[in-house]
Amino acid sequence: MMYSTSHTPNTTQPPSPTSNTQLPQRLFTRREIIPARNDVLWRIERGAVRTLTWSEDGTFITLGYWGSGELVGHPLSRVKPYQIECLTSVEASIVPPHLWNQDVNALLSHIQQAEELLSIVHRKPISLRLWQFLVWLSEKFGRDVDQGKLIELNVTHQEMAEVLNTTRVTVTRLLQQFEEEGTLLRHKRRMILRFQDKK
């Protein structure tokens, strides 16, 4: 089965207007929770985080994946509970409310990416949903290599299942299927997507 492999090239984010302002910074370790304060936003300077909530039965619901230059924080969401989990070691700046209007591009990007992920989560069949999610990850956290596009963020099969509203077993089976089809390669614990324009 072939999947759409059209992808937009990575565009370098322009420097944030608030990046010239000396903002308080904090360092977080992998799996640490960034405080979800009502009075500040966090700008990710280095590393990657995911925002998430959970249902009454304890099922995690991923709201988004965010990387360098992007804003996250409780003021951007009405979802409760709301949590920001570090997927890598993270360096983040605290952006106070009086500076939010200077980061309009980052705020617009947040909305656009959340809607893009929402549209992917509702794709059918599940194989297309997973493939489109991998393409989306490769655009945010990928770099070009000889074989294709290397996703530099290590997302577990369980985390993918949580994002895509499916089971870990299904994700594992479909990833193996992509490998057999030659559209996905394994590189240590990372994945490389092979697009049609890559020979």
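Colleague: In which order do the four strands of the open sheet that includes S7 stand, and is their pairing parallel or antiparallel?

Modeller: Strands of a sheet pair through backbone hydrogen bonds, either parallel or antiparallel. In this predicted model, the order is S2-S7-S4-S5, and the pairing is antiparallel. Strands here are DSSP runs of E with at least two residues, helices are runs of H or I with at least four, and both are numbered from the N terminus; two strands pair if DSSP finds at least two bridges between them. Strand S2 (33-34) and S5 stand at the edges with a single partner strand each, so one side of each has no neighbour in the sheet. S2 is joined to strand S7 (residues 83-86) by two bridges, the two running antiparallel, and Ile33 has Glu85 of S7 opposite.

Before going further, residues are numbered from 1 along each chain as its sequence is written, and side-chain values use heavy atoms, with hydrogens and water left out. Because this is a predicted model, local features need pLDDT of at least 70 and side-chain atom pairs count only at pLDDT 80 or more, while totals for chains, interfaces and linings use all residues.

Colleague: How many aromatic pairs does the structure hold?

Modeller: A pair of aromatic rings is described by the distance of the centres and the angle of the planes. Rings of Phe, Tyr and Trp (its six-membered ring) pair if their centres lie within 6.5 Å, with planes under 30 degrees apart counted as stacked, over 60 as edge-to-face and the rest as tilted. The structure holds six such pairs, among them Phe28 and Trp42, which are edge-to-face at 5.6 Å centre to centre with 80° between the planes. Phe28 lies in strand S1 (residues 25-28) and Trp42 in strand S3 (residues 41-46), so that this pair links parts of the chain 14 residues apart.

Colleague: Which element gives the most to the lining of the second largest pocket?

Modeller: A pocket is an open set of points on a 1 Å grid over the protein atoms alone where a 1.4 Å probe fits, with protein on both sides within 12 Å along at least five of seven lines, and lining residues have an atom within 4 Å of a point. Helix H1 (104-121) and strand S5 (60-66) each supply at least two lining residues, and H1 gives the most, with seven. The lining has 17 residues, with Leu63, Trp66, His110, Ala114 and Glu115 nearest the centre of the pocket.
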